[in-house]
Amino acid sequence: MQPPVLRNWVIKQNGEYRNNLVYPNTYKIEFTACNFFPYTIDEVTFKSGPNELDFTVTPYIRIKNCTIKKEGDFITASFTLEGGKSTVKVSSMALYVFTDKFVSEYVNLGVSAGSGQPKRTFSPAETIDPETIYTLSIDLSANASVFAVHRNYYFRVGVKANQSGVGTIRSNYFPYVKI
């Protein structure tokens with residue numbers, strides 16, 4: 001008997017995925033290095049042809065009541081947070097900008113703070129209070145070269161959790177806003 005072969009699947013930020021190269025068989029699926037708590041499906045059988053597998057997860061953090069808008073010379077995001085479990089803390093957050101809808105931690109235009117606050121890091125990680133309203137902002141005048149071309153820009157809030165004992169943690173995102 002051959003040892004199991006590890007395969008990586010990429011799940012989009014919105015939770016969708018597709019893999020057309022899964023052969024009929026019985027599999028064990030382990031979700032690790034995600035933006036939700038580790039999750040295992042011990043046994044799932046895929047048949048020939050189309051298969052659908054939906055699963056429910058617990059995200060580390062939910063970004064709630066988020067508004068992103070232009071106010072004078074600033075793009076401002078205001079939001080609250082909700083931990084997936086009471087043990088989750090927040091370690092960092094950012095307001096990202098890019099020229100298409102795939103804006104994220106890894107796909108963004110670097111902006112300087114100017115008199116805004118596009119990023120916050122909490123060291124040590126901070127307990128999540130669902131009543132706290134967080135605000136991040138990008139100073140447009142301090143980043144005139146970034147916004148020199150008159151076009152649509154996509155903005156998104158990303159928040160990274162701190163949870164002991166779970167390994168790699170990815171950012172949780174709020175849907176993008178086009179301005």
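These notebook entries record what I looked up in the structure.

**Entry 1. Ground rules**

I worked from a predicted model, in which local features need pLDDT of at least 70, side-chain atom pairs count only at pLDDT 80 or more, and totals for chains, interfaces and linings use all residues. Residues are numbered from 1 along each chain as its sequence is written, and side-chain values use heavy atoms, with hydrogens and water left out.

**Entry 2. Serine 91**

I placed serine 91 in strand E5, residues 89-98. Strands (E, at least two residues) and helices (H or I, at least four) are DSSP runs, numbered from the N terminus. Is serine 91 buried or exposed? I recorded it as buried, because its relative accessibility is 15%; buried means under 20% relative accessible area, exposed over 50%, and partly exposed in between, with a 1.4 Å probe and protein chains only.

I then listed the contacts of serine 91 (heavy atoms within 4.5 Å). Leaving aside neighbours within four places in sequence, they are Arg120, Thr121, Phe122, Ala125, Lys160, Ala161 and Asn162. I also noted 9.2 Å between the C-alpha atoms of serine 91 and threonine 127, which are 36 residues apart along the chain.

**Entry 3. Backbone points**

I found a cis peptide bond between serine 123 and proline 124, with omega about 5°. Proline 124 belongs to strand E6, residues 119-127.

Alanine 33, although not a glycine, has a positive phi of about 55°. I located alanine 33 in the loop between E1 and strand E2 (39-46), and its relative accessible area of 32% makes it partly exposed. Asparagine 65 also has a positive phi, near 50°, and is a residue other than glycine. I found asparagine 65 in strand E3, and at 61% relative accessibility it counts as exposed.

**Entry 4. Nonpolar cores**

A nonpolar core is a set of buried Ala, Val, Leu, Ile, Met, Phe, Trp, Tyr and Cys residues joined through side-chain atoms within 4.5 Å. Which members of the largest core touch the most others? I noted Phe79 and Leu81, out of 29 residues. At least two residues of this core come from each of E3, strand E4 (74-83), E5, strand E7 (134-139) and strand E8 (154-162). Apart from this core lies another, of eight residues, including Ile29, Cys34, Phe46 and Leu53.

For leucine 81, not counting residues up to four places away in sequence, the residues touched include Ile61, Ile63, Val90, Met93 and Val159.

**Entry 5. Pockets**

I looked for pockets on a 1 Å grid over the protein atoms alone: a pocket is an open set of points where a 1.4 Å probe fits, with protein on both sides within 12 Å along at least five of seven lines, and lining residues have an atom within 4 Å of a point. Grid points are joined across faces, edges and corners, and a volume is the space filled by probe spheres set on the points.

The largest pocket has a volume of about 2000 Å³. Of its 50 lining residues, Trp9, Val10, Ile11, Phe31 and Cys34 lie nearest its centre. I noted that E1 gives the largest share of this lining, seven residues. By class, the lining divides into 28 nonpolar, 12 polar and 10 charged residues; Ala, Val, Leu, Ile, Met, Phe, Trp, Tyr, Cys and Pro count as nonpolar, Asp, Glu, Lys and Arg as charged, and the others, Gly among them, as polar.

The second largest pocket has a volume of about 440 Å³. I counted 16 lining residues, of which Tyr17, Arg18, Asn19, Asn51 and Glu52 lie nearest the centre.
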